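Take a look at the protein below. Read through its sequence, then turn the structure around before you go on.

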Amino acid sequence: MSFKIFKSVSIHLILISTILLCNSCGDSKKQKNDDKTENIAENRNANDVIPFFQHWNLILGDGSNAGKATNYENKKFFYTTNDNKEDWVVFKTPNAGNTHGTSNNTRTELAQLKKWSPMTEAKMNATLKVMNVATTGDARVAATYSVVVGQIHSADGHENEPLKIFYKKFPGHTKGSVFWNYEINTAGDDNSKRWDYSYPIWGYDFSVVGTDKNTYPPEPTDGIALGEEFSYEVIVKDGIMHLTFTSEGHETKTFTKNLIVSEYTKKSDTPAQVNTLFVPIGQDGVERENAYSEEGLFFKLGCYNQTNGKEPKVNKVWCSGAETHGGDITKQYADGNYAEVWFKSANIEISDDAISNAGYFKANDGLSKKTVYPSEVIPFMDKFKILLGDGTKENNLIGYANKDFFYTVIDGTRRWVVYKTPNSGVTSKNSSNTRTELHEKREWTPEEGGKLTGTCKVMQVSLSGDARVAASYATVVGQIHSGEGHENEPLKIFYKKFPGHKKGSVFWNYEINTAGDDNSGRWDYSSAVWGNDMSVIGANKDDFPPEPKDGIELGEEFSYEVNVYKGIMYLTFTSEGHPTRTFTKNLIKSEYVNKSDLPTQVKKLFVPIGQDGTERPIAYSGELNYFKQGAYNQTNGKSPEKNRVWCAGAETYGGNIAKQYENGCYTEVWFREATIGPGTPPKQIN
């Protein structure tokens, strides 16, 4: 009996010891893991925290579609964590990587698998906290330092966004702003004029920006700090969107917006906020009367970074100029150039009438990596051949691009064709200047005529040169060129901006068709469109004239029409916010046949260098001409001592194109529209 008691006690002691040992080992293991991966929600995936990922595709910060994230994590972009109180799902994305669809911005964001009509019932709610927004960028750009944490997106038509919920915080501020934007569903086929109207929730709306790159507005008194929770609820029912925003210690805010009847169908309906923010950059559209009616909508949720590395001169609302470290994600994460949003709860409810959204993903997956050729943007490329800035010639421009000279980009609203060329490279036989420029294949006489149009913006002119040289800091964006005789140029359309100036000048030059066989006496007469003509130069190499008050900025759109009809050239220049300018020039009868006909401007600029010729009485009559369009850089590295009009003395880095591009010694012109065709009877000129 005593043996049985002893045996029983021994067994119990062994069991107790084993249990204690196991608990001790478990505590030890847990402590070790906590020390190594503090705040990680151990062994939990996102769907354990928020069980709704079966309803979404997950788009990552590298542009890839990860599909349903029901049992998925990505340590760079999407994972779970714990803040010592509860578990959260983390969405994280850099300032630059690959993106999705036609956007400028990276995202780690859920996109709903089904789309629904605004007339049915749909609901989304979420509780979150923003942990980081980018620490670099241009404070004058409205999108800088912000992230979108929830959306309604259209899957049809223009694929615009009737709802974007933003968080934005300026560097150095403790509190940021929460606001929501409504983007109009633009009337017509051209969506480039779309705009957002912004509503403040806590803090400011989208339109409150800095006065210069690094100057910030006052910190909002009623804002939300990084790491501070807030919640939103979005309900769409019978065409009306109902929004509710809550946060502890802050006033609850509610809004309603009609998604099927527009309040912005006329220019006069444009809100003052939009007139201030979007209209100056040409985004001044109106909305379809039925807004988003009859379009399929879907929810998005996560971290859609609104800060990017694109130059603010491209678009002063959406292009932030932030640090991107050349797209290196690790470096961006290391110094705060990313957005990070944590969600602890979320839910969606949609109607049984919702249908598959597969068409949206098919259209947008991989689109950011797809090459879009210039001929897809401006479809007249079959009428031209091209000479690039390195001397490359190409006759077939359908499906052709060159990443260094001739390609397409998106500026935040639409796609453009880029023409780019250095100060020094390889050029044509009769020129000192490089070009990436179209050359019309058809030739025509002035009597036969032709028409060329273009809408463009100059993004860069050379930063180096000699201010005494008329051609310095200039580029030609359109020409008529003669293919016979002296092969002179009856038209060159210039843009020129001196370093340090905000505004530049647009002007056009007529080059005489010199009388006789000696063409060395040829000269140009220059007519100002906006700003100065070509003859306005500096007193010495680095002395610049006053900035033109009525000039055109880099990145500011302007359009031209060149219409040659029955020997007369009719020119029309237009730009938003500037007076329309028109000119006429007879191309078949000269006004410069005698020395006494030389204009004062020519006597000042060309006669001192021996260019004092006269013109054939019939000017360009009977000669074959052709149009040219693109970027014909007028700044070169030749010594001004050779020619004080055309030899710019600019930096060329021995012809090294990469170094010229790195140091601003190049020109870059973007075109979004252009046409070519026969000359037409001119409109009545007042």
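This report goes from the whole chain to its cores, strands and single residues.

## The chain as a whole

This is a predicted model. Confidence in the chain averages a pLDDT of 91. A pLDDT of 70 or more is reached by 91% of the residues. Residues 1-38 are another matter: pLDDT stays under 50 there. For that stretch the model has two contacts beyond four places in sequence.

The protein chain has 686 residues, and 56% of them are buried. It holds eight helices and 33 strands. Along the principal axes, its C-alpha atoms fill a box of roughly 140 × 55 × 50 Å. Take the contacts with a separation of 6 or more: 70% of them join residues 24 or more positions apart.

In soluble globular proteins, nonpolar side chains tend to be buried together. Here the largest nonpolar core has 74 residues. Which of its members touch the most others? They are W180 and Y232. Strand β16, residues 338-350, gives this core its largest share, with six residues. A second core is separate and has 68 residues. Among its members are L438, A471, L587 and A619.

Now zoom in on Y232.

## A seven-strand sheet

Seven strands form an open sheet with antiparallel pairing. Their order is β2-β3-β16-β6-β12-β13-β14. Strands β2 (78-82) and β14 (253-258) stand at the edges. Each has a single partner strand, so one side of each is left without a neighbour in the sheet. From one strand to the next, the twist averages 30°.

Look at one pair inside this sheet. Strand β6 covers residues 122-132, and strand β12 covers residues 230-237. The two run antiparallel and are joined by seven bridges. Across this pair, L128 stands opposite F230 in β12.

Strand β25 spans residues 491-496, and six of its six residues are buried. Which residues point which way? L491, I493 and Y495 point one way from β25. K492, F494 and K496 point the other way. All of these are buried, lysines included.

β25 has a partner in strand β24, residues 474-482. This pair is antiparallel, with six bridges. One link in it is A474, whose bridge partner in β25 is K496. Strand β26, residues 503-511, also runs antiparallel to β25, and five bridges join them. β25 and β26 form a hairpin with six residues between them. In the turn, G500 has a positive phi of about 85°.

## Cysteines without bonds

How many disulfides does the structure hold? The count is zero. C456 has its nearest cysteine sulfur in C319, 18 Å away. C456 counts as buried because its relative accessibility is 0%, under the 20% limit.

C647 is buried, with a relative accessible area of 9%.

## Positive phi outside glycine

N84 is not a glycine, yet it has a positive phi of about 75°. This residue is found in the loop between β2 and β3 (87-94). Is N84 buried or exposed? Its relative accessible area is 63%, so N84 is exposed.

H325 is not a glycine either, and its positive phi is about 50°. It is found in the loop between β15 (297-305) and α4 (329-334). At 27% relative accessibility, H325 counts as partly exposed.

G679 is found in the segment after β33 (666-677). Its relative accessible area is 17%, so G679 is buried. What does G679 touch, leaving aside its neighbours within four places in sequence? Its contacts are G449, G450, K451, N563, V564 and Y565. G555 is 124 residues from G679 along the chain, and the C-alpha atoms of the two are separated by 29 Å.

How values were computed
Residues are numbered from 1 along each chain as its sequence is written. This is a predicted model: local features need pLDDT of at least 70, side-chain atom pairs count only at pLDDT 80 or more; totals for chains, interfaces and linings use all residues. Side-chain values use heavy atoms; hydrogens and water are left out. A nonpolar core is a set of buried Ala, Val, Leu, Ile, Met, Phe, Trp, Tyr and Cys residues joined through side-chain atoms within 4.5 Å. Buried means under 20% relative accessible area, exposed over 50%, partly exposed in between (1.4 Å probe, protein chains only). Helices (H or I, at least four residues) and strands (E, at least two) are DSSP runs, numbered from the N terminus. Two strands pair if DSSP finds at least two bridges between them. Axes are lines fitted to C-alpha atoms, for helices over the stretch in contact, and angles run from 0 to 180 degrees between N-to-C directions. A disulfide is a pair of cysteine sulfur atoms within 2.5 Å. pLDDT is the predictor's confidence in each residue, from 0 to 100. Contact means heavy atoms within 4.5 Å.
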